Amino acid sequence: MPSVRRSLTAAQRREFHDALDARRREVLARQGRLDASLSDAREARSGGQADDEHDPEGPTMAATWSQLTGLHDDLEVELAAIDHSLAHLEAGTYGVCVNCGKPIGVARLRARPYAELCIDCAKALEAH
């Protein structure tokens, strides 16, 4: 597999490291806020306030719980992708398509810093 060190400059590697690190901090902060919301919802459900009919105009507690856990799960997936990309950056394989082994374009990495597929492989995957 080609080394990304040949296709990305030192400045670009720093740029992507900084972007991934910043996004990681954002995701962790959002997770913290969601954890607090989940804790509040859990407390409300266990505190005898589990009556989903208390506000017929608002969302049910079950729907709120489902939404919060779904958002939390999405953030877990994103965090794993970011950590995976940071590991590839450290290993010198960041920015290399996991499917074909060709470099992933810098513009694609700027748009999606944890992309694992080059644009051609991503399009081919979507076509199936």
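In the predicted model, glutamine 31 is in contact with His72, Leu75, Glu76 and Leu79 once its neighbours within four places in sequence are left aside, where contact denotes heavy atoms within 4.5 Å. Glutamine 31 has its place in helix α1, helices being DSSP runs of H or I of at least four residues and strands being E runs of at least two, numbered from the N terminus. Glutamine 31 counts as buried because its relative accessibility is 7%; the term buried applies under 20% relative accessible area, exposed over 50% and partly exposed in between, with a 1.4 Å probe and protein chains only.

Histidine 72, found in helix α2, is in contact with Gln31, Leu34, Asp35 and Leu38, its neighbours within four places in sequence again left aside, and at 16% relative accessibility histidine 72 is likewise classed as buried. Leucine 38, a residue of helix α1, is buried with a relative accessible area of 8% and touches Trp65, Leu68, Thr69 and His72, not counting residues up to four places away in sequence. The C-alpha atoms of leucine 38 and threonine 64 are 9.1 Å apart in space, although the two residues are 26 apart in sequence.

As a whole, the chain contains 4 helices and 0 strands, and its elements run α-α-α-α from the N terminus on. Of its 128 residues, 29% are buried, and the accessible surface comes to about 8100 Å², with 52% belonging to carbon and sulfur atoms, as computed by the Shrake-Rupley method with a 1.4 Å probe. Among contacts between residues at least 6 apart in sequence, 59% join residues at least 24 apart.

The largest nonpolar core comprises 23 residues, of which Leu20, Ile82, Tyr94, Cys97 and Leu109 touch the most other members; such a core is a set of buried Ala, Val, Leu, Ile, Met, Phe, Trp, Tyr and Cys residues joined through side-chain atoms within 4.5 Å. Two or more residues of this core are given by each of α1 (10–46), α2 (61–91) and α4 (119–127). Beyond its neighbours within four places in sequence, leucine 20 is in contact with Ile82, Ser85, Leu86, Tyr94, Pro113 and Tyr114. Cysteine 121, which lies in helix α4, counts as buried at 13% relative accessibility and touches Cys97, Asn99 and Cys100, not counting residues up to four places away in sequence. Between cysteine 121 and lysine 102, 19 residues apart in sequence, the C-alpha to C-alpha distance is 9.8 Å.

A search of the whole structure finds 1 cavity of 30 Å³ or more, a cavity being a set of points on a 1 Å grid over the protein atoms alone where a 1.4 Å probe fits but cannot get out. The largest cavity holds about 80 Å³ of space, and its lining, defined by an atom within 4 Å of a point, includes His84, Ser85, His88, Thr93, Tyr94 and Gly95.

The chain averages a pLDDT of 86, with 84% of the residues scoring at least 70, on a scale of predictor confidence in each residue from 0 to 100. Over residues 1–5 the pLDDT stays under 50, and the model has 14 contacts for these residues beyond four places in sequence. In this predicted model, local features need pLDDT of at least 70 and side-chain atom pairs count only at pLDDT 80 or more, whereas totals for chains, interfaces and linings use all residues. Residues are numbered from 1 along each chain as its sequence is written, and side-chain values use heavy atoms, with hydrogens and water left out.

Definitions and conventions
1 Å grid on protein atoms, 1.4 Å probe; cavity = no way out; pocket = protein on both sides within 12 Å on 5 of 7 lines; lining within 4 Å. Points joined across faces, edges and corners; volume = space filled by probe spheres on them.
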